[in-house]
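Colleague: I would like to learn how to read a few features of a model, beginning with a pair of helices. Could you take me through them one at a time?

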Amino acid sequence: MENTSGVGVLDKVTSILGTLEAGPATLAGLVAVTGLARPTAHRLAVALEQHRLVARDVEGRFILGPRLGELSAAAGEDRLLAAAGPVLARLRDVSGESAQLYRRQGGVRICVAAAERLSGLRDTVPVGVTLPMKVGAAAQVLLAWEEPERLHRGLQGARFTATALSGVRRRGWAQSIGERELGVASVSAPVRGPANRVVAAVTVSGPIERLTRHPGALLSQTVVDAADRLTEALRVT
C-alpha cells in the first residue's frame, strides 16, 4: 500500500476512497484493488457509508459519497476567500472604485468580500449583506449560466431579461445602470469553480457620474481579469 501513514485504519480507509476515485466498485472489486480482507473492506465501506463518505449506485456498487463534495466545496470557498482580499484590493486600486465578491444563496446573493474606495463618493456594500437576485450586474452573472429551468424561475420579477442574460454569456461580463440603486452603476464577471461552474461574481460599483452609462466599456476587461485570477486560485490543488 503506497503513502502509508502508519495509522492502519486511516491507510485502509484512504485506499478504499482512492479506489472509488476511479469509479464504482463492488465489494469484490475493493478487495482486489486494495488487498484488504473481504470482512475488513466490507466493514470499512459500510462505516464510510454511514458517514456519507461512500454511497451506493443503482446497481449497489460502492461510489464516493456526497459528504466529500460538501467538504470539497467548503475547501474551495476557503481558497476563494483567501485569494479574494488581494485581488479585490488590486481591482479597487486599478478601477478607482469599490470592489465586491458575491456568492448566491437561494434567492439572494451575499457579499462575501469587499474592498472599498478609500475616499470620496463611493458605493459601500458591507461584507455579509444580502441583496436580491432580481437586480444588479452580479445577479445577472450568477444567474446567466444556470440550468434553463432555474434561469427561467430566476427571471420572474427580475429587472433584466433573458435576452440580456444571453448577452452576458456571449460577452462574459454584465453591467447594470441604476438597477440596484439609483445613481449606481456596476460591472461583474464570473468566477468559475470545479467543472467550470460559476460559483461567484466579482463586481466593481460606483456612481454613474464616474462610471458613465456604459460602465462595461470602461471596466469590463479589468473586472474579467480579476475574476480570472480568482478562478485560477480555485484550480490550484
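Modeller: Two packed helices are described by the angle between their axes and the distance between the axes. Here helix α5 (residues 137–144) and helix α7 (residues 162–171) have axes that come within 9 Å and cross at roughly 80°, which makes α5 roughly perpendicular to α7, a term for angles of 65 to 115 degrees. Helices are DSSP runs of H or I with at least four residues, strands are runs of E with at least two, and both are numbered from the N terminus; axes are lines fitted to C-alpha atoms, for helices over the stretch in contact, with angles from 0 to 180 degrees between N-to-C directions. This is a predicted model, in which local features need pLDDT of at least 70 and side-chain atom pairs count only at pLDDT 80 or more, while totals for chains, interfaces and linings use all residues. Residues are numbered from 1 along each chain as its sequence is written, and side-chain values use heavy atoms, leaving out hydrogens and water.

Colleague: Which residues in α5 and α7 meet?

Modeller: With contact meaning heavy atoms within 4.5 Å, Gln-140, Val-141, Leu-143 and Ala-144 in α5 meet Leu-165, Val-168 and Arg-169 in α7.

Colleague: Is Val-184 buried or exposed?

Modeller: Val-184, which lies in strand β7 (residues 184–192), is buried, with a relative accessible area of 13%, where buried means under 20% and exposed over 50%, with partly exposed in between (1.4 Å probe, protein chains only). Leaving aside neighbours within four places in sequence, Val-184 is in contact with residues including Asp-123, Ile-177 and Ile-208.

How values were computed. Angles under 35 degrees count as roughly parallel, over 145 as roughly antiparallel, 65 to 115 as roughly perpendicular and the rest as oblique.
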